[in-house]
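Have a look at the fold first, then read on.

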Amino acid sequence: KHRINNLKLIYEKYRSALSELSFLKLIPVDIEQGEIPLYIEVLAEEREKLVKYLISHNIETRPFYPDLDSAAHLKSTGDFPNTRIFGKQGLVLPCGPDQPQKNIDYVLEKLKYYGN
């Protein structure tokens, strides 16, 4: 129960802070309907530039997996243009049930500075 509550707290902290940052779009999690925010997933138009900036401040992130029509292991034969934005812009920010709140505060501080 504590770990799930921590995930929700982290998500709410990100949701509140990211609403003020135009360069990131949070992919919503419907907590009220029972979804659990295991990951903090965002879209960033300048993902590579942002990742380099975050790395320079010792903040690790992870890009999304390849989109459906470019993931070789899926052997997809279709064309799914709407998925490309996730493959190009998707990013997972630091999170997790054991993530200390001070780490999240540090990430948010650096993101706000990056946006200014």
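Does Phe 64 count as buried or exposed? With a relative accessibility of 16%, Phe 64 counts as buried, because the cut-off for that label is under 20%. Keep in mind that this is a predicted model.

**Phe 64 and its partner**

Phe 86 has a relative accessibility of 35%, so this residue counts as partly exposed. Searching the whole structure turns up 3 aromatic pairs. Here are two of them:

| Pair | Distance between ring centres | Angle between planes | Type |
|---|---|---|---|
| Tyr 53 and Tyr 114 | 4.8 Å | 45 degrees | tilted |
| Phe 64 and Phe 86 | 6.4 Å | 5 degrees | stacked |

Phe 64 sits in the loop between S3 and H3, while Phe 86 is in helix H3, so their pairing ties together parts 22 residues apart in sequence.

**The tyrosine pair**

Tyr 53 belongs to helix H2 and Tyr 114 to helix H4, so this pair links parts that are 61 residues apart in sequence. Both tyrosines are buried.

**Helix H2**

H2 covers residues 47–56, and its buried residues are Arg 47, Leu 50, Val 51, Tyr 53 and Leu 54. They span an arc of only 160 degrees around the axis, which means they are on the same side of H2. Turned away from that buried side is a face with the exposed residues Lys 49, Lys 52, Ile 55 and Ser 56. As for neighbours, the buried residues of H2 pack against strand S3 (62–63), helix H3 (84–89), strand S4 (90–93) and helix H4 (101–115). After H2 comes Asn 58, with a positive phi near 60 degrees.

**Helix H4**

H4 has 15 residues and spans 21 Å from first C-alpha to last, close to the 21 Å expected at 1.5 Å a residue. Its buried residues are Ile 104, Val 107, Leu 108, Lys 110, Leu 111 and Tyr 114. Looking down the axis of H4, you'd find these within an arc of 165 degrees, so they line one face of the helix. The face of H4 turned away from its buried side carries the exposed Lys 102 and Tyr 113. The buried residues of H4 pack against helix H1 (2–18), H2 and S4.

**One arginine, two rings**

Arg 62 has its charged end over the ring of Tyr 39, 5.7 Å from the centre. That charged end also sits over the ring of Tyr 65, at 4.9 Å from its centre.

Definitions and conventions: Residues are numbered from 1 along each chain as its sequence is written. This is a predicted model: local features need pLDDT of at least 70, side-chain atom pairs count only at pLDDT 80 or more; totals for chains, interfaces and linings use all residues. Side-chain values use heavy atoms; hydrogens and water are left out. Buried means under 20% relative accessible area, exposed over 50%, partly exposed in between (1.4 Å probe, protein chains only). Helices (H or I, at least four residues) and strands (E, at least two) are DSSP runs, numbered from the N terminus. The arc is that of the directions from the helix axis to the C-beta atoms. Contact means heavy atoms within 4.5 Å. The expected span of a helix is 1.5 Å times one less than its number of residues. Rings of Phe, Tyr and Trp (its six-membered ring) pair if their centres lie within 6.5 Å; planes under 30 degrees apart count as stacked, over 60 as edge-to-face and the rest as tilted. A charge sits over a ring if NZ of Lys or CZ of Arg is within 6 Å of the ring centre and within 35 degrees of the ring normal.
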